[in-house]
Amino acid sequence: MEHQVFEVLQGCLSEEPNTRMRAELALKQLELNVEFSPAIANIALASEAGPAVRQAAIVQLRGYIGRHWSIGSAKYEQGPIPDQQLKCQVREKTFNLLTSDDRKLRTAAAATIASMARYDWPDEWPQLFSQLVELLHSGNRDQAHAAMCVFGEWVNSDLSGQHMEQIGTLLPQLKRIFVSGGEYSIETRIMAVRVFGDCIEIIANMSSVQNDFVATHAPPILAEWMDPILATFGQPVSTEGSASDIPLKIECIKAVVRAADGLPRLMAAHNASILDVLWQQLKALQEPYLHAFVYEESEHGESATNMLVVCDDDGSTYSIDSFLIGIFEWLSKVSESKSVRKFFVDRTEGTGLSTPTPLFNQLVGCLLNYAQITTEMMDDWADDMDLFVADEDEDGYRFNVRVSVQELLQALDMAFAQTLPSAIHWATQEHTKLALQWRQQDNSNWWLVSEAILWAIGTLSSSVVSAHESSTSGGRLDLGVLFESNVWPLAQCAAFPYGQGRSFIFASSVGQVLPASIAAAFVEASSKAVADTQLHPAVRLSAVRATGNLCRLLPSELVKSHQGTFISGLASVIPQLSEDSAHVALDAMHAALQVDQDTTATLEPVISQVVIGIWQRYPSDVLLTSIVIDIVEDMARNSQASEAFAQRALPIIGTTISQSPDGMVISSGIDILSGLIKGSPSPMPNGYTDAIFPLLMRILSTSTDGEVLQSGQACLKYFVQKDAERIAQWRDDKGVSGLDHIIRFIALMLSPDSSESSALFVGDLVAKVVQKCSSFIAGDVLAELIRVVTARLATAHTSSFCSSLLPLYAQLVVRHPSEVVDLLDGMHFGDRTGLHIVLTTWFKNYLDVQGYYSRKVSAVALTRLFALGDPRISAIVAQGDIIPNSANKGKIVTRSMSRSNPDQYTQIPAMAKIVKLLLAELEMDVEGAFARQSAAGFGTAVDDADLDDNEEDDWEDDAEYDALDEMTSAGKYAYLSDLMGDEGDFDDHDDDDEDVLEDPIYSQDLNEHLGAFFSQAVSADREGFSSTIEPTLTAKERETLHRLCSR
């Protein structure tokens, strides 16, 4: 067997393709022989086999482990599994390879052992861990490296908090190797730090269930490691080649970031020391960084590059970039920590004002250096302008030092909203002086400095604008000086197109506060640049971005005279752009269309051709399609342009969705139809239904594509909303009405054979049909429709599908509570009534209902059901609170543990469940209102300690500091409130639904409604409430209820 395997392995190494292919197939067959694994392990051990064959043997053995070692493997393939005797032989032989003189063989053997450990340790190979630790402790440097390779794969993927005894044994050995200097290779020391980071992550994951254990054992571990890590950070980066410590610094900063992320409270004691040493590194590295990566013709470029970029013995390249990115990530994580706050902000006693410390000013200035465009970035952009577009996108996919600086600036803005503008102002002044000096000296690098200034300020444009608008802010930028010293010089310098483009983007990002003369100048310049085909592509694309910003931010009277030029210029740009860049120009066109409806209408032919044309080119691009839909919707709302636009668009969309075999393209086309219908008046213009509806129903009746069916449900909902009467009147050639077609489609989507994901929006469609078409449908048909929905709800599995159907019942209950209860109670599905199915599902999935309006209707509907006092509702039993599971207490609960010891719940009456759900709803809404009040400066802020992982405070009299609004909860909630909008924390797409907006529930204060409901419910039956419902409530729920009733 061994000889046969050896010959096949030789064939696998053949340069002749056919020989190699036959050998690989033969090897697959040999794997089915139970003697294969010891045979190939023997070959890997045999020095006479030669390095290439031995290497191939151990690699094949690792693959075999995944396929045939254990039935529990995700890669398991049918075949015999070796017995324990054979496995023991293979394990021993493979472990012996860790002492081989061949480095590649050792590394491959380590990976193989890590794979075995996944299935064999600790039950079948209990001594493995101790063997590896002994190899770390007593083996030579090569053997220690091999053992470390095993731990490098094993700890990260297979160890957990249940292995703390082993981790406690391993950590001292890791530290000994890390601090050993020349005794071990730099690669082994790097892996020691990496495995330490893995261990820290495991410990951090335990904190949620074993916080006391972590609080006791983690601090000494961190203290032992921080000293040598800080010493590593403190060493200057001065050595070259393979002796460089850059790779070790990189791994150390990664470990520190992991510790800061997982154990922020315990790391607080070390933050000051870490900040000090990393700040020294940032200062020391900025000049060589600029010479190595930014200044193209620097006389120090080569030496700086040799210092900051190293290549190890394996050919892997390490750059100081990774170390810098790690530093910036750490600063981002700790910027909200009280332990570093005093290093960034000075308090002025008695005034309530804060100012940036010299360190904060200098840090921001340092960041402006690291934010400069590198030569590598410009080379990439020169080769591919799509990369330029991607790097300018706020959520671009490329990550580098500049992007890391951007994230840090945004984190600092969150943490120090008042003082960061002052620090930016100071840094801007210092760098502006340098840029001016270099410009006067004809140093061509001046534009990089100015561009970085504008880029950084643009990154924080919303805060800069707010500071500029605030009369009390001390961090206001002098825009006149900024434009004179940085913006205009860049705007007028075609020799540096990326700098020139930055001037356009920057000016547009602060458009709200620009003097009218400057704003007008940039509007005119942008309109010309967009249409100028002779400009550098970067300048033109930057002008395109600026166009979108200017149209959104400036008063329409400043833009209106140039709107036609903007649209025409963008129309000429869009067809020239690739799929990865067209979204920028299309988004700018969307903004330009909204400046003036009359001008937009005159340019409808141009707009139609470009917008529909770009969709035809890239119908599967989700981002482009979403912008096209927005534009289509706006054009449909433009009364002067809608008819002509529809006449051009409908034939193209109809042809595309009827002829394309691609479900994604069909779905995209239907979504565009939805946008056209949404934007149209109600009823829709003559001809819309006849042109669209038959084709849409033909596609939906035959499609099995989930995305097509989802898009179709949404489109039909808008059809019903806008043109219910015409759909009810429409007939096909067999006399079947449009409404009957829709009801048949609904029944198809709710059939047991239809997947829940495909029918995710059918609930909205049914609700709209019931709401808009009840006068066109017989009562028994409506009742049957409700029965079909209820039958499907009875067999539903996913909460998302259940919650999508529930708003239908809520809307019905709000209007006709008694009738709905009677209807549902009269339906029987096996041994359950429809009422039981709906209410138990409603209770279980109440919190999963999506949408601000839908949640409000759901809450109001529950109050209506409670008010009925119907004994049929009271008889239903619902799931209450969780019963503590002593078997799982203090443990990390795995899936198998949860199956063997599942959570148990109390059983409570339906009326009590309604009260609990509404109290939870009220509590969430109260907290949202409190957050909005705090954001506006009312109320008392939550103690910052609650928001900072209970970190010990380094400040005396912290309450006075909180008044500065640096990192107060009010500041945080203000930002979150901006993200959520005025209506709280529910995404809602019904705010453009006229039916929703006209419903009084939409504008009703739910707090007031629920408060009145509870007061009335308790006073109406105080004794019954106390005896039946209050015993089921938690202490917090009772407290909330008593507070409401005592008003």
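The model is predicted: local features need pLDDT of at least 70, side-chain atom pairs count only at pLDDT 80 or more, and totals for chains, interfaces and linings use all residues. Residues are numbered from 1 along each chain as its sequence is written, and side-chain values use heavy atoms, with hydrogens and water left out. The chain has 54 helices and eight strands. Helices (H or I, at least four residues) and strands (E, at least two) are DSSP runs, numbered from the N terminus.

**Overall size**
- Along the principal axes, the C-alpha atoms fill a box of roughly 90 × 80 × 75 Å.

**Annotated domain**
- An unreviewed UniProt entry annotates residues 23-100 as "domain: Importin N-terminal".
- UniProt positions follow the numbering used here, feature names are shortened, and annotations may be inferred rather than shown by experiment.
- Residues 23-100 are 64% helix and 0% strand, and the end C-alpha atoms of the span lie 27 Å apart.

**Helix pair H35 and H36**
- Helix H35 (residues 663-679) packs on helix H36 (residues 688-702) at about 150°, with the axes 12 Å apart.
- H35 is therefore roughly antiparallel to H36.
- Axes are lines fitted to C-alpha atoms, for helices over the stretch in contact, and angles run from 0 to 180 degrees between N-to-C directions.
- Angles under 35 degrees count as roughly parallel, over 145 as roughly antiparallel, 65 to 115 as roughly perpendicular and the rest as oblique.
- H35 passes H36 in a left-handed crossing.
- A crossing is left-handed if the near helix is turned anticlockwise from the far one by less than a right angle, and right-handed if clockwise.
- Ile666, Ile670, Leu673 and Leu676 of H35 meet Tyr688, Ile692, Leu696, Ile699 and Leu700 of H36 (contact means heavy atoms within 4.5 Å).
- The contact of H35 with H36 has nine nonpolar, no polar and no charged residues.
- Ala, Val, Leu, Ile, Met, Phe, Trp, Tyr, Cys and Pro count as nonpolar, Asp, Glu, Lys and Arg as charged, and the others, Gly among them, as polar.

**Helix pair H32 and H34**
- Helix H32 (residues 604-617) and helix H34 (residues 642-659) cross at roughly 15°, and their axes come within 9 Å.
- H32 and H34 are therefore roughly parallel.
- H32 passes H34 in a right-handed crossing.
- Contact residues include Trp615 of H32 and Phe645 of H34.
- The contact of H32 with H34 has eight nonpolar, three polar and two charged residues.

**Helix pair H12 and H13**
- Helix H12 (residues 246-262) and helix H13 (residues 264-294) pack at about 145°, with axes 9 Å apart.
- H12 passes H13 in a left-handed crossing.
- Among the residues that meet are Ile253 in H12 and Leu278 in H13.
- The contact of H12 with H13 has eight nonpolar, two polar and two charged residues.

**Backbone exceptions**
- Most residues other than glycine have a negative phi, and most peptide bonds are trans.
- Trp121 and Pro122 are joined by a cis peptide bond, with omega about 5°.
- Pro122 sits in the loop between helix H6 (103-120) and helix H7 (128-138).
- The bond from Ser682 to Pro683 is also cis, with omega near 0°.
- Pro683 lies in the loop between H35 and H36.
- Asp442 is not a glycine, yet has a positive phi of about 60°.
- Asp442 is in the loop between helix H21 (420-440) and helix H22 (446-459).
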